[in-house]
Amino acid sequence: MAESLLTIEHLTKRFGDALIFDDLSLTVRQGEVVVVVGPSGCGKSTLLRCINALEPIQGGTIRLEGETVEHKGKNLPELRQKIGMVFQSYELFPHLTVLDNILLAPMKVQKRGKEDVKKEALEWLERVGLKEKANSYPRQLSGGQKQRVAIVRALCMHPEILLFDEVTAALDPEMVREVLDVMLDLARQGRTMIIVTHEMQFARAVADRVIFIDDGKILEEATPDEFFEAPKTERAKKFLNMFEFHREAKQDDRK
């Protein structure tokens, strides 16, 4: 069995008086793809932000390769280089070209040579079908193209783990597939990933393990087949039934 890469123990997170996570524990192994699902507002995105120390926690520990990840910790700049995060809103600099957006962090933060990073960036852009857009600006790209650029930007930092926060939520339906295909390819490469998504078919295809969160806790933790075919809790069954209802409604609308 692969070694544990990320360990979360007894996590407590609050926003004011609102309890988001109550004694939540989770381990992610090297090369594993963990998909986090749950109702809106259950804290899925907050979990990723806690892992990356973008949010302070009120209890418990988060460790990456044995090192504690702490909000404002002294080792945080080094640890964050090992955690690639792709946001729903792309977060590209509008005044920089695609290539310059990708080059910025490896050159400024990791002090790598421009030609070395440029070569790698162009190779990745070619793999995701965007090499011809290297000198374009974000305003000239579709949403799906921007998201693929954001993924390449994260990959060029050579992270140990990739966090994806609802990366298709803001995309038109026809653009969703091009982004999901890139993520499926990364999974086949053995990348360690935690993916928050509402795309249930994608979750089933890409996940090694599905985590279902609600009411501040992990209510279910199972393989994709186990979770989607035979969920153990009534809450998970209700959650999946709602997605099936909406999927069938969309199919009826198309008829």
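Predicted model: local features only at pLDDT ≥ 70, side-chain atom pairs only at ≥ 80, totals over all residues.
- Strand β9 (residues 209–214) is mostly covered, with six of its six residues buried.
- On one side of β9 the buried residues are Arg209, Ile211 and Ile213, and on the other they are Val210, Phe212 and Asp214, so both faces are covered.
- Strand β3 (residues 33–37) is joined to β9 by four bridges, and these two strands run parallel.
- Within that pairing, valine 35 has valine 210 of β9 as its bridge partner.
- The hairpin of β9 and β10 has two residues between the strands, and aspartate 215 takes a positive phi near 55° there.

**Strand β7, another covered strand**

- β7 is largely enclosed by the rest of the structure, because five of its five residues are buried.
- Ile161, Leu163 and Asp165 are buried on one side of β7, while Leu162 and Phe164 are buried on the other.
- β7 pairs with β6 in the parallel sense over four bridges, and the bridge partner of isoleucine 83 in β7 is isoleucine 161.
- Four bridges also join β7 to β8, again with the strands running parallel.
- In this pairing, leucine 162 stands opposite methionine 193 in β8.

**Helix α6**

- Helix α6 (residues 173–188) has 16 residues, which at 1.5 Å a residue should span 22 Å; the C-alpha atoms at its ends are 24 Å apart, in agreement with that figure.
- Which residues of α6 are buried? They are Met175, Val176, Val179, Leu180, Val182, Met183, Leu184 and Leu186.
- The cover over these buried residues includes α4 (114–127), α5 (143–155), β7 (161–165), β8 (193–196) and α7 (200–206).
- Just after α6, glycine 190 takes a positive phi of about 85°.

**The nonpolar cores**

- As general background, nonpolar side chains tend to be buried together in soluble globular proteins.
- The largest nonpolar core here has 52 residues, and Ile151, Phe164, Met183, Leu186, Ile195 and Phe227 touch the most other members.
- The largest share of this core comes from α6, which supplies eight residues.
- Isoleucine 151 touches Val86, Phe164, Val179, Val182, Met183 and Leu186, leaving out residues up to four places away in sequence.
- A second, separate core of 30 residues includes Ile8, Val36, Cys42 and Val69.

**The four-stranded open sheet**

- Four strands form an open sheet in the order β2-β1-β4-β5, with antiparallel pairing.
- At the edges stand β2 and β5 (67–68); each has a single partner strand, so one side of each is left without a neighbour in the sheet.
- Two bridges join strand β4 (residues 59–64) to β5, and the two run antiparallel.
- In β5, the bridge partner of leucine 64 is glutamate 67.
- Helix α1 (residues 44–51) packs on the sheet and touches β1 (4–15), β2 and β4. The direction of α1 makes about 115° with that of β1.

**Two threonines to look at**

- Threonine 27 lies in strand β2 (residues 18–29).
- Beyond its neighbours within four places in sequence, threonine 27 is in contact with Ser4, Leu6, Thr7, Glu32 and Arg209.
- Threonine 27 and glutamate 3 are 24 residues apart in sequence, and their C-alpha atoms are 10.0 Å apart in space.
- Threonine 97 sits in the loop between β6 (83–86) and α3 (98–108).
- Is threonine 97 buried or exposed? Threonine 97 counts as buried because its relative accessibility is 10%, and the cut-off is under 20%.
- A polar atom of the threonine 97 side chain lies 3.1 Å from the backbone nitrogen of aspartate 100.
- Leaving aside neighbours within four places in sequence, threonine 97 is in contact with Ala134, Asn135, Ser136 and Tyr137.

Methods
Residues numbered from 1 in each chain as written. Heavy atoms only, no water. Buried < 20%, exposed > 50% of the residue type's maximum accessible area, 1.4 Å probe, protein only. Pairing = 2+ DSSP bridges. Expected span 1.5 Å × (residues − 1). Contact = heavy atoms within 4.5 Å. Core = buried A, V, L, I, M, F, W, Y, C linked by side-chain atoms within 4.5 Å. Polar contact = N/O pair within 3.5 Å; in protein donor to acceptor, adjacent residues only side chain to side chain. Axes fitted to C-alpha atoms, helices over the stretch in contact; angles between N-to-C directions.
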